[in-house]
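I set down here what I looked up in this structure, entry by entry.

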Amino acid sequence: HQPLSLTKLKFTMKYFVMAFCALLLLTNCKKKQQQECTRTFGTTAASADEEKMVTDYLASRSITATEFENTGMYYVIDAPGNNNKPKLCGGMNVKYSGRFTNDVLFDPRPGSGSTQSTASFTLGALIEGWNRAMPLIGEGGKIRLFVPPALAYGANGIYDPNTGLYTIPRNAMLIFEVELLSIF
């Protein structure tokens with residue numbers, strides 16, 4: 001058994017380092033491909049009847065809101081938050097409540113004010129109204145959403161086979177109050 005010459009050792013080490021770097025690069029690329037977001041924002045817009053449902057509600061409550069990109073969904077930003085805004089496929093922690101136009105809460109979070117519970121969601125896995133509107137505010141921001149059925153649960157609603165009832169009726173307009181606590 002002969003000792004390796006310094007030249008052969010440098011040559012062997014050089015190839016070992018190159019092979020190791022190539023392996024790291026391939027592993028990193030594979031992870032990056034797995035983490036890439038393949039979701040896209042929807043293109044759905046409310047029908048004229050659904051938009052009228054929203055604008056009639058806003059008028060009846062004297063709420064001045066902004067329409068989101070000709071979709072029939074309207075919003076009011078009560079606090080813009082910082083510049084750290086959620087991105088599609090990114091996670092966010094929020095405080096929120098959802099109610100119908102008759103003010104009945106369908107998704108209340110326990111507690112109120114600063115003791116209200118938080119929820120974590122992935123943007124892109126929510127109703128289209130949230131997916132589109134949440135990037136309008138940053139952490140610490142607050143927004144009210146007036147979502148027509150087409151950008152919520154539409155003609156299907158949400159049916160609970162255990163109770164035989166709809167938790168979200170078909171073609172329901174939904175109102176959300178959301179505070180964006182943080183993104184991750």
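**Entry 1: order of elements.** In what order do the elements of the chain run from the N terminus on? I read the order as α-α-β-β-β-β-β-α-β-β-β-β. The secondary structure comes to three helices and nine strands; helices (H or I, at least four residues) and strands (E, at least two) are DSSP runs, numbered from the N terminus.

**Entry 2: basis of the values.** I note that this is a predicted model, in which local features need pLDDT of at least 70, side-chain atom pairs count only at pLDDT 80 or more, and totals for chains, interfaces and linings use all residues. Residues are numbered from 1 along each chain as its sequence is written, and side-chain values use heavy atoms, with hydrogens and water left out.

**Entry 3: the chain as a whole.** I looked up burial and found that 31% of the 184 residues count as buried; buried means under 20% relative accessible area, exposed over 50%, and partly exposed in between (1.4 Å probe, protein chains only). The chain exposes about 11500 Å², of which carbon and sulfur atoms supply 55%; the areas come from the Shrake-Rupley method with a 1.4 Å probe. Of the contacts (heavy atoms within 4.5 Å) between residues at least 6 apart in sequence, 72% join residues at least 24 apart.

**Entry 4: partners of β9.** I looked up pairing, for which DSSP must find at least two bridges between two strands. Strand β9 (residues 174–183) runs antiparallel to β3 (residues 91–99), with eight bridges between them. In this pair, R99 stands opposite I175. Strand β6 (residues 142–147) is also antiparallel to β9, joined by six bridges. Here V147 has L174 as its bridge partner.

**Entry 5: the largest pocket.** Which residues line the largest pocket? I listed Y96, F106, D107, F121, L126, I127, W130, Y153, I168 and F176. The lining divides into nine nonpolar residues, no polar and one charged. About 160 Å³ of space lies in this pocket. A pocket is an open set of points on a 1 Å grid, where a 1.4 Å probe fits, with protein on both sides within 12 Å along at least five of seven lines; lining residues have an atom within 4 Å of a point.

Note on methods
Points joined across faces, edges and corners; volume = space filled by probe spheres on them. Nonpolar A, V, L, I, M, F, W, Y, C, P; charged D, E, K, R; others polar.
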